[in-house]
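Please look over the sequence and the model below. The report that follows takes the chain apart piece by piece.

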Amino acid sequence: MSATRADVCAVACADLFRGAGEILASPMGLVPSLGARLARLTFEPDLLLSDGEATLLSAAGEVEGWLPYRAVFDVVAHGRRHVVMGANQLDRYGNQNISCIGSHKQPTRQLLGFRGAPGNTVNHRTSYWVPRHSPRVFVPAVDVVSGVGYDRVGGPYHDVYRVVTNLGVLDFGGPLRTMRLVSVHPGVSVAEVEEQTAFPLCVDGVEPTRSPSPAELDLLSTLDPSVAREREVPA
């Protein structure tokens, strides 16, 4: 069985949680959720998974515990959480926009709003999942700051970790904590990622993103038997 681009993205999302231990994983979107469940089933058995409301679940979806909404804020404040959010816009410092396009006073397009993005980014580890890497998402400056990047805040709990896209994996190990291309997925070139990014990337030491093992492919087939992940990730 050969791995597809969606399979590679799911494994890259699983690797976001490598070494995390017993923390609450809060993945948003199908591919990050598959990644978190895959991590739980393989190299991170202590990872806590939630249904997004009040129930802790096993990787198979079985109820394991109760985490009421009021208790989530204690987890957030103590940093024992890793959230994987989406982003309508991201800049080189990791500032994220999910609020609106255009001026906040008179936007041309209304989006989700700020939601929990400010609190997430200043309290615990945050990563982003972008299924369509393009210059419309990776912009020189976001229209509105929802999630907070490295040029605006620091401190022991501010940890914008990585960005997984349909083209590669990025982090913030560039000069002055700017975005750096860590790996490109099979069949993707560094030049292609640069072309789809509207600001300069640090591209020193780019490696290939790892492919799923046969065991991981089998697990993904079990976790996603309808192969819905293929509809989320353009090849």
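## Helix 2

Helix 2 covers residues 30–41. This is a predicted model. The helix holds 12 residues, and its first and last C-alpha atoms are 17 Å apart. At 1.5 Å a residue, 16 Å would be expected, so the span is close to that value.

Much of the interest here is in which residues are hidden. In helix 2 the buried residues are Val31, Pro32, Leu34, Gly35, Ala36, Leu38, Ala39 and Arg40.

## The chain as a whole

Along its principal axes, the C-alpha trace spans about 45 × 45 × 35 Å.

How much of the chain is buried? Buried residues make up 49% of the 235 residues. Contacts can also be sorted by distance along the sequence. Take those between residues at least 6 apart: 66% of them join residues at least 24 apart.

## An aromatic pair

A search of the whole structure turns up one aromatic pair. Its partners are Tyr150 and Phe172.

Where do the two partners sit? Tyr150 is in the loop between strand 10 (125–130) and strand 11 (159–165). Phe172 is in the loop between strand 12 (168–171) and strand 13 (180–184). The pair therefore ties together parts that are 22 residues apart in sequence. Are these residues buried or exposed? Tyr150 has a relative accessible area of 15%, so it is buried. Phe172 is buried too, with a relative accessibility of 3%.

## Arginines over rings

Arg177 lies over the face of Tyr150, at 4.1 Å from the ring centre. Elsewhere, Arg18 lies over the face of Phe43. Here the distance from the ring centre is 3.7 Å.

Arg177 is found in the loop between strand 12 and strand 13. Leu176 has its place in the loop between strand 12 and strand 13 as well. Which of the exposure classes does each fall into? Leu176 has 73% relative accessibility, so it counts as exposed. Arg177 has 42%, so it counts as partly exposed.

Asn95 lies in the loop between strand 6 and strand 7 (96–97). Its relative accessible area is 0%, so Asn95 is buried.

## Ala87: a buried loop residue

Ala87 sits in the loop between strand 5 (81–85) and strand 6 (89–90). Its relative accessible area is 14%, which means that Ala87 is buried.

Which residues does Ala87 contact, beyond its neighbours within four places in sequence? They are Gln96, Asn97, Ile98, Tyr128, Trp129 and Val137. Leu47 is 40 residues from Ala87 in sequence, and their C-alpha atoms are 24 Å apart in space.

## Pro186: a partly exposed loop residue

Pro186 is placed in the loop between strand 13 and helix 5 (190–195). With a relative accessible area of 43%, Pro186 is partly exposed.

Apart from neighbours within four places in sequence, Pro186 is in contact with Arg5, Val8, Thr209 and Ser211. Glu44 is 142 residues from Pro186 along the chain. The C-alpha atoms of Pro186 and Glu44 are separated by 25 Å.

Note on methods
Residues are numbered from 1 along each chain as its sequence is written. This is a predicted model: local features need pLDDT of at least 70, side-chain atom pairs count only at pLDDT 80 or more; totals for chains, interfaces and linings use all residues. Side-chain values use heavy atoms; hydrogens and water are left out. Helices (H or I, at least four residues) and strands (E, at least two) are DSSP runs, numbered from the N terminus. Buried means under 20% relative accessible area, exposed over 50%, partly exposed in between (1.4 Å probe, protein chains only). Contact means heavy atoms within 4.5 Å. Rings of Phe, Tyr and Trp (its six-membered ring) pair if their centres lie within 6.5 Å; planes under 30 degrees apart count as stacked, over 60 as edge-to-face and the rest as tilted. A charge sits over a ring if NZ of Lys or CZ of Arg is within 6 Å of the ring centre and within 35 degrees of the ring normal.
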